[in-house]
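Hi,

Here is the model I said I would pass on.

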Amino acid sequence: MNPSQPSTPAAGQAGLAAFARLGSRPIPRVARMMDEAHGLGYETLFLSGRREEGLANEEIYAGHKVRRIGPFFPLLNGREGWLYLRSVLGYNRALWKELRRLRPALVHCSDIETMPAGILYRWLSGARLIYNVHDNLAQRYAIPDWAQAILNQFEGLAVLLSSSALVPEEFRRDMLPAWCRRNIAVVRNTPADRGALPPNRQRKPIKLFFGGWLDKGRGLGQLMRLVRENEDFELTLAGEGSPELVAE
């Protein structure tokens, strides 16, 4: 090996990086973060919630090690708030126990639901904590302006209590309180560039793709109507959501 060229650290050399999210598997944004951590020499582990029945406690998913913790709770799609809160508390209890047992050097928490255990672990261990804001808390639900303002301040506090926070777009950073923005970096949610494809000379349907949380507030109804009414379009949906919407 040429000593003048920097070498890639061996996996695990930098310690363990634990990635916490309620979903059953790492979504592409989180998977890219895990790949980056692995390239920096971390051993990576995804600590997921139990959102689907019949899944194994541990598996390798798309090359990433997944461990499911906490009690089972279904995909509620914004309904049954008390059940959701109890389930989130149950997940955080399990996450706190797992973090204490594993002692990772880096914790990556996706959205506010995973932050209580992450903040407590950072406070007691001194580990680095990355808060990844996929969706601003104040924007998730149709609630009054005063309630949105309270949630926004609460999320700003979570940003300050992390080592650093990530958002996918500048407008998400600008929506958070000004007093926490110095701790936020914009990491856009874009896939790896596979290069340009040759032009398609044949007449084929225009392919549309939606990946992420399946919620009607994201225009899925309009997309489905477009495809049903126009044979020139083909739609592929990939993600999780309420059973009713998935069935539709």
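Predicted model: local features only at pLDDT ≥ 70, side-chain atom pairs only at ≥ 80, totals over all residues.

E113 is buried, with a relative accessibility of 10%; buried here stands for under 20% relative accessible area, exposed for over 50%, and partly exposed for what lies in between (1.4 Å probe, protein chains only). The side chain of E113 meets that of R140 in a salt bridge, at 2.5 Å from N to O. I call it a salt bridge when a side-chain nitrogen of Lys or Arg is within 4 Å of a carboxyl oxygen of Asp or Glu. This pair links distant parts of the chain, 27 residues apart: E113 is in the loop between strand 5 (106–110) and helix 3 (115–125), and R140 is in the loop between strand 6 (128–132) and helix 4 (145–160). Helices (H or I, at least four residues) and strands (E, at least two) are DSSP runs, numbered from the N terminus.

Residues are numbered from 1 along each chain as its sequence is written, and side-chain values use heavy atoms, with hydrogens and water left out.

Back to the charges. How many salt bridges does a search of the whole structure find? The search gives 11. R188 and E169 form one of them, with their closest N and O atoms 3.3 Å apart. R188 lies in the loop between strand 8 (184–186) and strand 9 (206–211), and E169 in the loop between strand 7 (164–167) and helix 5 (170–175), so this pair ties together parts 19 residues apart in sequence. Both ends are partly exposed: R188 has 45% relative accessibility and E169 has a relative accessible area of 30%.

D174 and R173 form another salt bridge, with 3.8 Å between the closest N and O atoms. D174 is partly exposed at 41%, and R173 is partly exposed at 23%. There is also a network, in which salt bridges that share partners join E58, R67, E98 and R101.

On to the rings. R25 lies over the face of Y61, 5.6 Å from the ring centre; the test is NZ of Lys or CZ of Arg within 6 Å of the ring centre and within 35 degrees of the ring normal. Aromatic pairs number zero in this structure. For those, ring centres of Phe, Tyr and Trp (its six-membered ring) must lie within 6.5 Å, with planes under 30 degrees apart called stacked, over 60 edge-to-face and the rest tilted.

Now the strands, which count as paired if DSSP finds at least two bridges between them. Strand 1 (residues 15–21) and strand 2 are parallel and pair over seven bridges, with A17 opposite T44 of strand 2. Strand 2 (residues 42–50) is largely enclosed by the rest of the structure, because seven of its nine residues are buried. Strand 3 (residues 58–61) and strand 4 (residues 64–72) run antiparallel and are joined by four bridges; I60 has K65 in strand 4 as its bridge partner.

The hairpin of strand 3 and strand 4 has two residues between the strands, and A62 takes a positive phi near 50° there. Most residues other than glycine have a negative phi. A62 is exposed, at 66% relative accessibility. R103 is another non-glycine residue with a positive phi, of about 50°. R103 is in the loop between helix 2 (81–102) and strand 5 and is exposed, with a relative accessible area of 62%.

Two surface items to finish. L157, L160, L161 and W179 make up a nonpolar patch with about 320 Å² of accessible area together. Patches take residues with over 30% relative accessible area and no salt bridge, joining like charges within 9 Å and nonpolar side chains (Val, Leu, Ile, Met, Phe, Trp, Tyr) within 5 Å; the areas are from the Shrake-Rupley method with a 1.4 Å probe, and for residues only the protein chains shown count as cover. L161 sits in the loop between helix 4 and strand 7 and is partly exposed at 38%. K204, in the loop between strand 8 and strand 9, is exposed at 51%.

Cheers
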